[in-house]
Amino acid sequence: MTYKNKVYIAFDGDSDMRYYTMLEAWSKNENNDFEFHNAHDLNTARDSSNEESIKKDLRIRFANSKLFILLIGEHTKNLTKFVKWEIETAIKLKLPIIAVNLNDSKRPDELEPSTLKNQLAIFIPYKRKVIKYAIDNWPASDHEYRKNNEINNYYYVDSIYKNLEID
């Protein structure tokens, strides 16, 4: 049995790479204790592989993942080739899902991909402290909600942001 210790991050590789790069920088430079696979490290694969072989590689990454983070930008909801498939795969595998709104919305909004609607996920803004908080706390909440069959979109109450010193 594979030990799952990775965080799988999906995002629009064409438009939102800078947000992923910042997550990498936070992970390396601020002593954050999470690590993740770059789900869109597909530059060489795009030239030499077909869609199914790329998905095969992504399935391997999913097999080692304990958590799924989706960076939601302006175009994410329109991506059907890989991001939609990644969301569907995370749902199928029952991975805890953290939906990070790049527009800093604290709740689901009009940019939410339809695949994620009415699914178990926490929605948070793109802020380092709340991302770290969600990584540390959402999996246990996900487990409880799933156990009680409370499948829905969730968001943190204002007191959480106040405790994290986030406006």
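Author: Helices (H or I, at least four residues) and strands (E, at least two) are DSSP runs, numbered from the N terminus. Keep in mind that this is a predicted model: local features need pLDDT of at least 70, side-chain atom pairs count only at pLDDT 80 or more, and totals for chains, interfaces and linings use all residues. Residues are numbered from 1 along each chain as its sequence is written, and side-chain values use heavy atoms, with hydrogens and water left out.

Reader: Okay, what counts as a salt bridge here?

Author: You need a side-chain nitrogen of Lys or Arg within 4 Å of a carboxyl oxygen of Asp or Glu. That rule gives seven salt bridges.

Reader: Where do Arg 146 and Asp 142 sit relative to each other?

Author: They're both in helix α5, four residues apart, so about one helical turn separates them.

Reader: Which parts of the chain does the pair Asp 104 and Lys 127 link?

Author: Those side chains meet in a salt bridge at 3.6 Å, N to O. The pair links distant parts of the chain, 23 residues apart: Asp 104 is in the loop between β4 (97–101) and β5 (121–125), and Lys 127 in the loop between β5 and α5 (128–147). Asp 104 is partly exposed at 33%, and Lys 127 is partly exposed at 32%.

Conventions: Buried < 20%, exposed > 50% of the residue type's maximum accessible area, 1.4 Å probe, protein only.
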